[in-house]
Amino acid sequence: MEISGAGGLFSTYSICSNAAGIAGNLCAFVLFVSPIPTFRRIIRNKSTEQFSGLPYIYALLNCLICLWYGTPIVSPGIILVFTVNSVGAVFQLAYILIFIVYAERTKKLKMLGLLFGVFAAFAAVVSISICLFQPPNRQTFVGYLSVISLISMFASPLFIINLVIRTTSVEYMPFYLSLATFLMSLSFFAYGMFKQDPFISVPNGIGGVLGIIQLVLYWRYSRPNEEPTRPLLESNA
């Protein structure tokens, strides 16, 4: 009976952990596809206009580092971190390539240089973590890098929060993206807690707090006839 009870508890724990990770993957997918209208406009107009490609460069580097952290050779047992960042990396790379195709020559060269820089940095992280570190130190090394990368990504929601407070308008903060960001952070916070992995739970806990702030601001400043005109992940130069 004790063995059966322990097995049932372990099974429930595993199901809850996987459910949290899968929910995080689904919410992240909403964020990954959100720039599609922007790139449809770029393709239609055959110009990047005043849009900036830097957010997608940062996002690609973040996805690659977190992808590497989720691989079994670094962190066994957190494959859902690997899957979500693999999908994210594909989307970000596609956006960057489209941006390069339609950018003017100066932007094109700059983006190509940054893209090669991202791949060089990722190759350096992989090489150093394999050659200089053994488990569990390898997980710790890559884990700290992933936390730094994730925290750096918080600059965007912090900028949006500041913009909403200054303008008392949610024009640049679509509700569905704020909600998806909050749910994704909450899901991966739970996943990290289930996996007892602070490198997952801590940054996503911070992201969850920022998500709550965004939702509160939306409730506070939204107006009946006001609709967001620009998605959160769009950025102007």
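These notebook entries record what I looked up in the predicted model shown above.

**Conventions**

I worked from a predicted model, in which local features need pLDDT of at least 70 and side-chain atom pairs count only at pLDDT 80 or more, while totals for chains, interfaces and linings use all residues. Residues are numbered from 1 along each chain as its sequence is written, and side-chain values use heavy atoms, with hydrogens and water left out.

**Entry 1: overall composition**

I first looked up the secondary structure and found 9 helices and 0 strands. Helices (H or I, at least four residues) and strands (E, at least two) are DSSP runs, numbered from the N terminus. The order of elements from the N terminus is α-α-α-α-α-α-α-α-α.

I then looked up burial, where buried means under 20% relative accessible area, exposed over 50%, and partly exposed in between (1.4 Å probe, protein chains only). Of the 237 residues in the protein, 44% are buried. The protein exposes about 12700 Å², and carbon and sulfur atoms supply 71% of that area. Accessible areas come from the Shrake-Rupley method with a 1.4 Å probe; for residues, only the protein chains shown count as cover.

For contacts, defined as heavy atoms within 4.5 Å, I noted the sequence separation. Among contacts between residues at least 6 apart in sequence, 78% join residues at least 24 apart.

I checked the length of helix α3 (residues 54-70). The expected span of a helix is 1.5 Å times one less than its number of residues. For the 17 residues of α3 this gives 24 Å, and the end C-alpha atoms are 24 Å apart, which agrees. I also noted that 13 of the 17 residues of α3 are buried, so the helix is mostly covered.

I next looked up N85, which is placed in helix α4. N85 counts as buried because its relative accessibility is 9%. Leaving aside neighbours within four places in sequence, N85 contacts N62, C63, C66 and L67. The C-alpha atoms of N85 and L64 are separated by 6.9 Å, although the two residues are 21 residues apart along the chain.

**Entry 2: nonpolar cores**

I took a nonpolar core to be a set of buried Ala, Val, Leu, Ile, Met, Phe, Trp, Tyr and Cys residues joined through side-chain atoms within 4.5 Å. The largest such core has 42 residues, of which I96 and Y191 touch the most other members. The elements that give two or more residues to this core are α1 (2-33), α2 (36-45), α3, α4 (79-102), α5 (105-132), α6 (137-152), α8 and α9 (198-221). Helix α4 supplies the largest share, 9 residues. Another core, of 10 residues, lies apart from it and includes F154, V164, V170 and Y221.

I listed the contacts of Y191, not counting residues up to four places away in sequence: S17, A20, G21, G77, I78, I79, L80, V81 and I200.

**Entry 3: helix α8**

I looked up A190, which lies in helix α8 (residues 175-194). A190 is partly exposed, because its relative accessible area is 24%.

L183, L186, F189 and M193 form a nonpolar surface patch with about 340 Å² of accessible area together. Patches are made of residues with over 30% relative accessible area and no salt bridge; like charges are joined within 9 Å, and nonpolar side chains (Val, Leu, Ile, Met, Phe, Trp, Tyr) within 5 Å.

**Entry 4: salt bridge**

I counted 1 salt bridge, the criterion being a side-chain nitrogen of Lys or Arg within 4 Å of a carboxyl oxygen of Asp or Glu. R41 pairs with E49, and the closest N and O atoms are 2.5 Å apart. R41 is partly exposed at 36% relative accessible area, and E49 is partly exposed at 26%.

**Entry 5: backbone details in loops**

I noted a cis peptide bond between P135 and P136, with omega about 0 degrees. P136 lies in the loop between α5 and α6.

I also noted positive phi values in residues other than glycine. Phi of T168 is near 50 degrees; T168 sits in the loop between α7 (155-167) and α8 and is partly exposed at 33%. Phi of Q196 is near 55 degrees; Q196 sits in the loop between α8 and α9 and counts as exposed at 68%.
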